[in-house]
Amino acid sequence: MKLVPLGHTPTSDAPTASRVSPQWMAAAIDGLRVGMVVVDAGTGHIVFANPFAEQLFGFPTGTMPGHDARTLVTDADRATPDFFSRARTRALDATTEWTARAHDGREFPVELQLTQCDADTGLVYVALIRDITERQALDKIRNEFMSTVGHELRTPITSIRTSLGLLDGGVAGQMTPSARELVGVANRSVTRLIALINDLLNLERAGREPADTLPYVVTSVDELVTNAMADVAAAATARQVAIEATPCQRSILADPTRAQQVIAQLLANAVKFSPAHSIVQVECRVEDRMLRMSILDRGPGVPAAFHSTIFEPFRQVTSDDRDRSGNGLGLTIARAIVRQHGGRIGVDDRPGGGAAFWFTLPLASEPRV
Amino acid sequence: MKILIVDDDDFVRMLTRVSLSKVGGMQVIEARNGAEGLIAATEHIPDVIMLDVMMPVMDGPATFAALKANALTANIPVVFLTAKSTPAEQADIKELGGTAIFTKPFDPLSLADDVRKVLSEPR
């Protein structure tokens, strides 16, 4: 079978194509340590499987072609109405994770790369399939390791924080003003250390989780903004900064916890750098089937030289004001979350002064009123 | 109010005791792991048990299950005290079915009040 990717029509005089021997191609495909399965787009039947695919799914050599491709998926997927159309939407021209079903009924996790080809026998789907059982097991070990590290770091910090809290509360007797000041310094430092540990663990997680394992839910943007505003309400009140959000009345397809984290992070930053009695504004609009949210403040703004680097770890614009310094990971975490969702994040100058932080997240198809 | 603290970390246990007794005026019993905690719970029948999640010998979830399986201790409210703070970790602990989850580090000056508050909430 000759496979020609759609949109790439080889010509007989193309020098590269003329040097590709069908025997070489056959040998390469036979020797691939990746399962390759070709499915007829019209019938849904397997028309070709390389030896590794047959081995992966436990089929005797040469017996995989002819089967319905749905024999390779779980019973639940097979029972999904319109399975091929849904699978095509999810997997075409992308790398996605699925649970596959072997010939003996055993289920195992796979990574799938699916492309569509116009073969001389008609339209086919070419699936490259890797068993990721081992990778998932390693991820599990890594998760457990990070959880343990987090636990082991937090336990001694708990003792420090609690001791300081008890001293500060006068439980061990009254302190002199100087002693109280020193305890205050230690207390604030340990609070920052706790925030840093939490952020490092969050960042590690955001950078590791595959995008398609997130719990995507159709989520009201206005609800997310309201919740994020509640997260930063105390800081806003303390700084005498108001937050105003224009109702958006749209929904996004996102992990709500993480999406709220992004909004809260950008709001917290805006509040932190806003002058007293100013207003932080939240606006949103639709742009290329994505929601674009902007958080606008009247603070000192972000110098142009920092626009591209401010989202890198520990790259804050220098601030002499300790109150305004953070641990330098908040925006990095926000970027990691936005990217996980397939969105973009950035900062512009706000006309009239201040910063305009913005991000995009995928819009849910139905508008929500 | 009588409270049983089950935590393997000596410092955390001592500081929790000081918070609950000196600040909160509670009577505190201590156990270093789940197995000791089970014995202490049946001996003292506390009003509430504060249970660490990650412990050697017998961890928090196993201890919780054993407490619930014993008629003497099944109705004692259990507050998990944990250093696990990610949403997934918190969800796992919540699934166990305790009365509340407190995340370390906690505020030693409000810990006793926080315990009283969760116990007074309708379940």
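## Confidence in the model

Chain B has an average pLDDT of 90, with 96% of its residues scoring at least 70. Keep in mind that this is a predicted model. Within chain B, the lowest mean pLDDT of any element, 77, belongs to helix H4 (residues 87-96). At the other end, strand E1 (residues 2-6) of chain B has the highest mean, 97. For the model as a whole, the scores are ipTM 0.73 and pTM 0.54.

## Helix H10 of chain A and its two partners

On the H8(A) side, the contact uses Leu224(A), Val225(A), Asn227(A), Ala228(A), Met229(A) and Asp231(A). H10(A) answers with Pro256(A), Ala259(A), Gln260(A), Ile263(A), Ala264(A) and Leu267(A). Sorted by class, the contact of H8(A) with H10(A) holds nine nonpolar, two polar and one charged residues.

The other pair brings H10(A) together with helix H11 (residues 330-340) of chain A: the axes come within 9 Å and cross at roughly 145°. Which hand does the crossing of H10(A) and H11(A) have, left or right? It is left-handed. H10(A) contributes Arg258(A), Gln261(A), Val262(A), Gln265(A), Leu266(A) and Asn269(A) to this contact. From H11(A) come Gly330(A), Leu331(A), Ile333(A), Ala334(A), Ile337(A), Val338(A) and Gln340(A). The residues of the H10(A) contact with H11(A) split into seven nonpolar, five polar and one charged.

## A helix pair in chain B

The axes of helix H2 (residues 34-44) and helix H3 (residues 60-69) of chain B come within 9 Å, crossing at roughly 25°. H2(B) is therefore roughly parallel to H3(B). Their crossing, that of H2(B) and H3(B), is right-handed.

Which residues make the contact between H2(B) and H3(B)? Gly34(B), Leu38(B) and Ala41(B) of H2(B) meet Thr63(B), Ala66(B) and Leu67(B) of H3(B). By class, the contact of H2(B) with H3(B) has four nonpolar residues, two polar ones and no charged residues.

## The disulfide

How many disulfides are there over all chains? The count comes to one. This disulfide joins Cys248(A) to Cys284(A), with an S to S distance of 2.4 Å. The link of Cys248(A) and Cys284(A) is right-handed, with 130° about the S-S bond.

The pair links distant parts of the chain, its cysteines being 36 residues apart. Cys248(A) sits in the loop between strand E7 (242-245) and strand E8 (251-254) of chain A, whereas Cys284(A) belongs to strand E9 (residues 279-287) of chain A.

## Backbone details worth a look

Two loops have backbone features to inspect. In chain B, a cis peptide bond joins Lys104(B) and Pro105(B), with omega about -5°. Pro105(B) is found in the loop between strand E5 (100-103) and helix H5 (111-120) of chain B.

In chain A, Gln240(A) has a positive phi of about 55° although it is not a glycine. Where is Gln240(A)? It lies in the loop between helix H9 (233-238) and E7 of chain A.

Methods: Residues numbered from 1 in each chain as written. Chains lettered and ligands numbered in written order. Predicted model: local features only at pLDDT ≥ 70, side-chain atom pairs only at ≥ 80, totals over all residues. Heavy atoms only, no water. Axes fitted to C-alpha atoms, helices over the stretch in contact; angles between N-to-C directions. Helix = DSSP H or I, 4+ residues; strand = E, 2+ residues; numbered from the N terminus. Parallel < 35°, antiparallel > 145°, perpendicular 65-115°, else oblique. Left-handed = near helix turned anticlockwise from the far one by under 90°. Contact = heavy atoms within 4.5 Å. Nonpolar A, V, L, I, M, F, W, Y, C, P; charged D, E, K, R; others polar. pLDDT = per-residue confidence, 0-100. Disulfide = S-S within 2.5 Å.
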